[in-house]
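I opened my notebook and worked through the model step by step. My entries follow.

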Amino acid sequence: MPLESLVDHIDELISQITNLTSNLQNIPYPRVKQNIRFSGQNYVNGLKIAKEVITNCIVKRASLLSSVQRKDGRTLPPEEIIRSYWLDQVSGCYRTVERFNTDITTQANPSMPYELYHWLFDLFDRLGLDVTIVLQDSNQYTNDSFEKAIVEPLMPLLKVAKEPLLPGSLLQVETKDFVNAYPIKLGYVISFIKGEACNPLLWPLLIHEVFHITDKEKALMTSHNSPTKGEIPILHENKTVNSRWISEIFADIMAIHYVGPMYAFSLMDYFERVPYVQTIQYPEMCVRLYSVYCYLESVRSTYTDIVHRCLDSFKAKIGEKVLEYEESGELSEEKKEKLEDIYQKISGWFPLLRVNSFKQTLREYVLTAKSVGFENRTNSKFAPFPHLVFSYDEIDNLIFRDRISLAIHPNILLNVILSNLGKYNRHIHYDVLVDSIKKWKIKQAWERSIQNLK
Ligand SMILES: [Zn+2]
């Protein structure tokens with residue numbers, strides 16, 4: 001049979017992926033395993049679609065055509081027919097199935113710690129979104145639905161399957177919808193830069209991707225009360241570009257409300273590390289930085305302590321950058337006004353999404369502390385709130401000096417790190433942070449089980 005080696009190869013990949021996802025002993029968390037298995041099933045279905053198109057469409061059609069006599073009385077062998085009509089699709093198929101295999105392999109063994117899933121799951125749960133996500137090594141921060149990651153690369157093959165007429169003849173064949181036969185279930189792949197996987201200072205960029213997914217799942221930007229409807233300021237005269245840019249700004253503003261000032265640092269640090277250019281997808285750097293700067297301005301007067309500590313160490317830096325943009329003319333008064341207006345409208349959405357702001361996360365930490373009877377341990381003037389289990393300085397000492405992991409929400413820990421960047425060392429504190437997320441998760445589960453007993 002023609003293309004036998006390709007079909008054998010696809011079969012081999014199917015059994016490899018099936019083996020990989022049924023043996024995930026290296027992953028200690030059932031929910032993470034479950035998501036990776038879900039993804040594996042999608043990739044296996046993608047491979048089955050590729051195999052079906054190759055065997056049931058291309059090879060079958062080539063053998064049909066090979067029995068047809070040509071004008072010169074000759075018949076052509078199926079291999080030659082495939083070469084003349086479907087060479088691109090067949091060689092593209094090799095690349096696609098290989099990519100599927102690479103993708104699911106890095107999802108099963110990502111460079112990022114599995115613990116980060118807990119942080120993202122927690123946010124999805126708070127948002128009331130039951131979506132499957134998997135983390136994947138890449139060269140950028142982005143999110144794609146499984147549909148985009150799997151069905152889109154298969155499009156050239158699927159087009160062949162949908163074509164009823166055999167090329168160079170009048171013969172008709174049955175068309176088939178293989179995506180229906182092997183459905184790709186809804187979910188998302190969140191990609192991150194592999195080299196930065198163990199850099200906690202850039203982890204908050206994952207939260208930006210979560211809010212993009214929220215936007216897609218809840219159709220926020222297209223809903224009737226979306227800030228893009230009505231009098232949203234125009235940043236670009238093209239409607240599609242404008243709405244993509246607003247979506248970017250939306251994800252930034254939501255991320256900073258949730259993560260706190262640390263997100264502004266991550267964004268700025270990312271812009272400094274990775275060449276970032278304005279495209280039809282992404283607005284200029286100054287637009288995004290000014291949008292998060294609006295948050296820093298707005299929280300300045302509302303609450304103190306930990307936020308102020310974080311702001312003190314960082315706001316000047318982003319402020320300098322904003323000033324540079326203003327002086328160079330990139331950030332005009334008119335643009336600033338528009339961005340402030342967008343900030344007001346989008347940040348008004350935050351409470352509606354049922355997710356804790358950074359300020360609420362701090363408060364929740366205190367309340368949980370109270371409910372388990374640890375109140376009044378400290379009254380340090382630097383504590384985020386007077387009755388915190390650990391004061392700001394205690395957290396600082398435990399993390400930086402004693403390198404002890406703490407069961408505290410990652411958003412709080414990341415902001416404490418931001419306010420102490422001088423003491424922070426990626427190689428030393430990475431494990432402390434990862435273990436802290438693990439402890440925080442365990443504490444949450446424990447508290448939940450106590451609640452259920454009551
Ligand atoms: Zn984005």
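**Entry: H1 and H3.** I looked up how H1 meets helix H3 (residues 78-108) in this predicted model. Their axes come within 11 Å and cross at roughly 10°. Angles under 35 degrees count as roughly parallel, so H1 and H3 are roughly parallel to each other. Next I listed the residues in contact. H1 brings Leu6, Ile10, Leu13, Gln16, Ile17, Leu20 and Thr21. H3 answers with Val90, Cys93, Tyr94, Val97, Asn101, Ile104, Thr105 and Ala108. I sorted this contact of H1 with H3 by class: 11 residues are nonpolar, four are polar and none is charged.

**Entry: H1 and H2.** Then I turned to helix H1 (residues 4-22) and its packing with H2. Which way do H1 and H2 run, roughly parallel or roughly antiparallel? Their axes lie 10 Å apart, at an angle of about 170°. Because angles over 145 count as roughly antiparallel, H1 is roughly antiparallel to H2. From H1, I noted Leu6, Val7, Ile10, Leu13, Ile14, Ile17, Thr18, Leu20 and Thr21 in the contact. From H2, I noted residues including Ile36, Arg37, Gly40, Tyr43, Val44, Leu47 and Lys48. Ile54 of H2 takes part too. By class, the contact of H1 with H2 holds 13 nonpolar, four polar and three charged residues.

**Entry: H2 on its own.** I followed H2 from end to end. It covers residues 30-66, which is 37 residues. From first C-alpha to last, H2 reaches 52 Å, close to the 54 Å expected at 1.5 Å a residue. Where is the kink in H2 centred? I found it at isoleucine 54, with a bend of about 30°. Isoleucine 54 is also one of the H2 residues that touch H1.

**Entry: H7 and H9.** I moved further along the chain. Helix H7 (residues 204-218) and helix H9 (residues 262-273) have axes that come within 8 Å and cross at roughly 100°. That makes H7 roughly perpendicular to H9. On the H7 side I wrote down Pro204, Leu205 and Ile207. They meet Met262, Tyr263, Ser266 and Tyr270 in H9. Six residues of this contact are nonpolar, one is polar and none is charged.

**Entry: the whole chain.** Last, I stepped back. I counted 16 helices and three strands. The C-alpha trace spans about 95 × 55 × 40 Å along its principal axes. Of the 454 residues, 38% count as buried. I also checked contacts with a separation of 6 or more: residues 24 or more positions apart account for 76% of them.

How values were computed:
Residues are numbered from 1 along each chain as its sequence is written. This is a predicted model: local features need pLDDT of at least 70, side-chain atom pairs count only at pLDDT 80 or more; totals for chains, interfaces and linings use all residues. Helices (H or I, at least four residues) and strands (E, at least two) are DSSP runs, numbered from the N terminus. The expected span of a helix is 1.5 Å times one less than its number of residues. The bend at a residue is the angle between axes fitted to the seven residues ending there and the seven starting there. Axes are lines fitted to C-alpha atoms, for helices over the stretch in contact, and angles run from 0 to 180 degrees between N-to-C directions. Angles under 35 degrees count as roughly parallel, over 145 as roughly antiparallel, 65 to 115 as roughly perpendicular and the rest as oblique. Two residues are in contact if their C-beta atoms, placed from the backbone, lie within 7 Å. Ala, Val, Leu, Ile, Met, Phe, Trp, Tyr, Cys and Pro count as nonpolar, Asp, Glu, Lys and Arg as charged, and the others, Gly among them, as polar. A residue is buried if 20 or more other C-beta atoms lie within 10 Å of its own, exposed if 12 or fewer, and partly exposed in between; C-beta atoms are placed from the backbone.
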